[in-house]
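Please keep the viewer open as you read.

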Amino acid sequence: MLFSPPRTLQTSGQSLADTRGSDTTQLSCCLLELGQQQNPSDTQSMGNIELRTSRQLLFTFSAMLYRTSSIFIHVGSQSCPKRMTTTRSSSDRMAWSTCHPLCKCGSMYDILAAGWRACGTTGMMALELTASPLPRPSRGAGGHRAPAPRPPPSPPSPPRPEPSAPRGRPSLTDRSSGGAGGNRKGGHGGRSASGTARGGAAAIPRGSRACPGLPRPRSQVMAEGELPAVLILDIGGTHGVLEDLAALLKKHFQLITMKEFLANKEEMSKKIQSVFVFECRPTINRELLESLPNLKVIGNSGVGVDHLDLKMISSFGVKVTNTPHAVADPTADIGMALMLASARRLVEGCQIAVSPDTRSFAVDWLGVEVTGATLGIIGMGSIGYKVAQRARAFNMRILYHNRNRRRKEEEEAVGAHYCAKMKDLLQQSDFVMLVVNLTPETHKLIGKKELGLMKPTATLINISRGAVVDQDALVEALQNKVIRAAALDVTYPEPLPRDHPLLNLNNVIITPHIGTATVQAICMMAEEAIANMLAVLNGRPIPSEVFPK
Ligand SMILES: O=CC(=O)O
């Protein structure tokens with residue numbers, strides 16, 4: 001049963017590496033469309049995506065889409081490229097998804113790449129994605145539809161903690177490696193920022209929509225053939241959207257900068273249907289919302305939405321989306337980097353090594369070891385979990401505290417032990433890492449009392465939001481050696497006033513909120529935000545919607 005006409009993504013003469021990003025976006029769009037076509041009124045839906053070369057059929061992707069925004073994908077009988085996700089599926093079928101909670105291996109790119117490699121395909125070949133609906137599904141466990149004849153595993157009913165992650169500070173300096181697309185090796189997937197992969201033929205012709213076959217958002221505010229309008233603060237400059245990202249947005253949207261909007265409010269206000277929030281800008285306030293009568297969606301680049309008043313936005317009938325998938329790996333990486341740097345006093349060590357005053361290296365200048373130590377993770381969402389995966393490779397004993405306990409298999413996969421009481425985690429951990437969202441409940445979660453529970457040899461690492469820690473209490477604890485050290489990617493405010501006491505302590509490392517400040521991450525965040533905004537505008541299932549509490 002094929003769609004008529006089948007959606008085809010054709011990339012001639014490109015290696016897979018050249019098609020990254022475009023494939024990812026297209027694949028997800030195809031899946032979403034299939035979901036809609038197959039089962040428009042239900043919460044779950046599914047479809048097949050075939051990956052072909054001009055010579056052979058490589059893969060069939062079976063996908064189930066859930067309103068929870070999980071996309072579960074089967075890839076024939078291939079195993080997960082990173083062997084990180086085993087699901088409840090039978091042994092000859094592995095499944096993994098692009099997102100929390102089952103996603104342990106990252107992105108669709110991993111899946112495509114795995115398929116590519118598994119078929120022994122190398123070099124330049126034509127690649128084709130064809131979308132078709134699955135055979136009529138039967139009801140799976142829990143009411144989820146399962147594709148016949150062999151259904152993918154039913155999704156668990158997992159806790160869905162959404163950890164916060166630092167805002168990514170964009171830096172697209174490495175243009176030599178493919179500009180915004182960069183060269184992300186393996187892992188989380190290096191999605192090219194644009195469908196026009198550098199040097200290669202575009203998977204999507206310039207100026208056309210990312211998803212062939214996807215209807216454009218229907219709206220009275222758009223003339224025939226017009227792209228939907230998105231408001232951004234600016235392009236370039238100190239706070240504007242990076243130019244590479246703007247180019248990516250332009251493939252799908254007509255960009256309107258704040259300046260253009262203010263200069264021609266009457267016309268622009270009617271056109272704007274979406275706002276792309278990059279680095280917390282533009283500020284979304286009541287005044288702006290009142291002046292945008294056709295606004296449908298605010299696509300936040302990044303996972304943390306504490307800068308958005310969700311209730312107020314929702315009262316205008318506007319949806320908010322975020323980008324949890326793009327941020328998870330780089331943020332977990334920065335958590336590990338801070339833990340290692342603090343334990344081994346890396347920053348101090350560098351200073352000693354390069355100081356003009358250094359004559360010899362002191363033998364009693366010592367750090368502590370991460371390997372074999374106990375790590376307490378507070379907030380075990382997708383970022384926290386990825387920290388645990390990494391910590392496992394350091395032979396760490398892993399404790400975690402979370403609103404909801406993870407499934408047993410998930411705990412076992414990383415060797416994590418649940419602490420129902422945060423107190424127990426604080427008392428036992430050598431390193432305590434904060435990976436929670438900033439909410440009224442987590443505001444100043446770690447204060448004097450909590451710091452007092454920690455070991456005097458322990459280190460606090462914060463990769464969530466500054467306000468999760470009572471900073472005055474932290475200063476006091478560090479000055480009085482209540483704890484050994486702190487490593488902070490986030491503070492309150494950012495940056496700290498230059499005379500802030502935290503800046504003068506030698507047992508603190510502070511980085512400038514760089515959890516997602518990688519070439520790859522900001523592109524992936526933009527891609528994710530675009531997919532979200534298009535989904536809203538097209539009236540399709542939204543991959544990552546954030547709801548007001
Ligand atoms: O801070 C980063 C994010 O919220 O993604």
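## Ground rules and overall picture

This is a predicted model, in which local features need pLDDT of at least 70, side-chain atom pairs count only at pLDDT 80 or more, and totals for chains, interfaces and linings use all residues. Residues are numbered from 1 along each chain as its sequence is written, and side-chain values use heavy atoms, with hydrogens and water left out.

The chain has 16 helices and 21 strands; helices (H or I, at least four residues) and strands (E, at least two) are DSSP runs, numbered from the N terminus. Of its 549 residues, 59% are buried, where buried means under 20% relative accessible area, exposed over 50% and partly exposed in between (1.4 Å probe, protein chains only). Among contacts with a separation of 6 or more, 68% link residues 24 or more positions apart; contact means heavy atoms within 4.5 Å.

## Helix α9 against α16

Two packed helices are described by the angle between their axes and the distance between the axes. For α9 (residues 324–343) and α16 (residues 519–538), the angle is about 165 degrees and the axes are 8 Å apart. Axes here are lines fitted to C-alpha atoms, for helices over the stretch in contact, and angles run from 0 to 180 degrees between N-to-C directions. The two helices are therefore roughly antiparallel; angles under 35 degrees count as roughly parallel, over 145 as roughly antiparallel, 65 to 115 as roughly perpendicular and the rest as oblique. The crossing of α9 and α16 is left-handed, meaning that the near helix is turned anticlockwise from the far one by less than a right angle (right-handed if clockwise). P324, H325, A326, V327 and P330 of α9 touch A521, M524, M525 and E528 of α16. By class, this contact has seven nonpolar, one polar and one charged residues; Ala, Val, Leu, Ile, Met, Phe, Trp, Tyr, Cys and Pro count as nonpolar, Asp, Glu, Lys and Arg as charged, and the others, Gly among them, as polar.

How many of the 20 residues of α9 are buried? The count is 17, so α9 is largely enclosed by the rest of the structure. The C-alpha atoms of V327 and Q520 are 9.9 Å apart, although 193 residues separate the two along the chain.

## Helix α4 against α16

Helix α4 (residues 243–250) also meets α16: their axes come within 10 Å and cross at roughly 25 degrees. That makes α4 roughly parallel to α16, and the crossing is right-handed. L245, L248 and L249 of α4 contact I522, C523, A526, E527, I530 and M533 of α16. This contact has eight nonpolar residues, one charged and no polar.

## Loops worth a click

In the loop between β19 and β20 you will find P493, joined to Y492 by a cis peptide bond with omega of about -5 degrees. H500 lies in the loop between β19 (485–488) and β20 (508–510) and, leaving aside neighbours within four places in sequence, is in contact with Q471 and V475.
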